[in-house]
Amino acid sequence: MNAVKPTLIIRQYNHLTPYEDRFVEMKTYTEQRDENSPDELWILQHPDVLTQGQAGKPEHILVQSNIPVVQSDRGGQVTWHGPGQMVAYFMFDLNRLGWNVRTLVSYAENLMIELLKKYGIEAYAKADAPGVYVNDRKIGSLGFKIRKGRSYHGLALNIDCDLFGFHTINPCGYAGLEMVRIQDLVQDYPKFENLCVDIIDTLKNSGYFKDVTVKQL
């Protein structure tokens, strides 16, 4: 375990919040933070948006629609965010935690796998295709940016979203990749608010942080 455990601030947004606003804010926080700044995790939902990764190829957008496309600086190709999908952004100081990029990716994948297991869904990660899958269908995506040993961006877990946005693209650059939602797999499925509680409890009990503060926004 780490010699110095950081403080964690969790922001839970209980309303749709624009991707571009949060992107600018988390990038600014990461650039301006120092060795004493707390780590932060933001849990939220965005209005409909396609986000293109730093090396994203425009040909992975298959159908032109009224969904806005935003250029991002995370890794990976194009993906969709929107209502009914839980997004969690990790602003973690990896050096302070004693993590590398692989540790972060595995932590985010395992977090989704454990959340899904609680509701009877057996999910798994793939070594060659980051994210979380159920029977070869993708239920959780992730993409990070690391700057000076500090992370931002994060994961997206499909709860009960409309899948139309995914049908306009090659999700994460994989042609023909089928997406799935918790709603498709569990009859009495958890909602966004339930999963927020689950994530907060998991982080409070993780042992990585000396203090966890939750802000409802």
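Colleague: Helices (H or I, at least four residues) and strands (E, at least two) are DSSP runs, numbered from the N terminus. With that in hand, where does Lys148 lie?

Modeller: Lys148 lies in the loop between β9 and β10. Please keep in mind that this is a predicted model, in which local features need pLDDT of at least 70 and side-chain atom pairs count only at pLDDT 80 or more, while totals for chains, interfaces and linings use all residues. Residues are numbered from 1 along each chain as its sequence is written, and side-chain values use heavy atoms, with hydrogens and water left out.

Colleague: And what is the phi of Lys148?

Modeller: Phi of Lys148 is near 55 degrees, which is a positive value in a residue other than glycine. For background, most residues other than glycine have a negative phi. Asp136, in the loop between β8 (129-134) and β9 (137-147), also has a positive phi, of about 70 degrees, although it is not a glycine.

Colleague: Is Lys148 buried or exposed?

Modeller: Lys148 has a relative accessible area of 68% and is therefore exposed, where exposed means over 50% relative accessible area, buried means under 20% and partly exposed lies in between, using a 1.4 Å probe and protein chains only. Gln64, found in the loop between β3 (49-52) and β4 (69-71), counts as exposed because its relative accessibility is 69%.

Colleague: Changing topic, how many aromatic pairs does the structure hold?

Modeller: The structure holds ten aromatic pairs. Rings of Phe, Tyr and Trp (its six-membered ring) pair if their centres lie within 6.5 Å, and planes under 30 degrees apart count as stacked, over 60 as edge-to-face and the rest as tilted. Both Phe92 and Trp99 are buried. Another pair, Tyr124 with Tyr133, is stacked, at 6.2 Å centre to centre and 25 degrees between the planes. Tyr124 counts as partly exposed because its relative accessibility is 29%, whereas Tyr133, with a relative accessible area of 1%, is buried.

Colleague: Which residues do ring pairs link into a cluster?

Modeller: Ring pairs link Phe90, Phe92, Trp99, Tyr107, Phe144, Tyr208 and Phe209 into a cluster.

Colleague: What lies over the face of Tyr133?

Modeller: Lys126 does, at 4.3 Å from the ring centre. A charge sits over a ring if NZ of Lys or CZ of Arg is within 6 Å of the ring centre and within 35 degrees of the ring normal. Elsewhere, the charged end of Lys191 sits over the ring of Tyr189, 4.2 Å from its centre.

Colleague: How many residues has the largest nonpolar core?

Modeller: The largest nonpolar core has 42 residues, and those with the most contacts inside it are Leu41, Ile43, Met86, Phe90, Phe92, Leu157 and Ile182. Helix α3 (residues 101-118) gives the most to this core, with nine residues. Apart from it lies another core, of 14 residues, among them Tyr19, Trp42, Val87 and Tyr152. A nonpolar core here is a set of buried Ala, Val, Leu, Ile, Met, Phe, Trp, Tyr and Cys residues joined through side-chain atoms within 4.5 Å.

Colleague: Where is Ser151 found, and what does its side chain reach?

Modeller: Ser151 is found in strand β10 (residues 150-158), and its side chain reaches the backbone oxygen of Phe90 at 2.8 Å. Ser151 counts as buried because its relative accessibility is 0%. Leaving aside neighbours within four places in sequence, Ser151 is in contact (heavy atoms within 4.5 Å) with residues including Thr30, Phe90, Phe92 and Leu104.

Colleague: Last one, how many disulfides does a search of the whole structure find?

Modeller: The search finds zero disulfides, a disulfide being a pair of cysteine sulfur atoms within 2.5 Å. Cys196 is in no disulfide, and the nearest cysteine sulfur, that of Cys161, is 15 Å away. Cys196 is buried, with a relative accessible area of 0%, and Cys161 counts as buried at 0% relative accessibility.

Note on methods
Polar contact = N/O pair within 3.5 Å; in protein donor to acceptor, adjacent residues only side chain to side chain.
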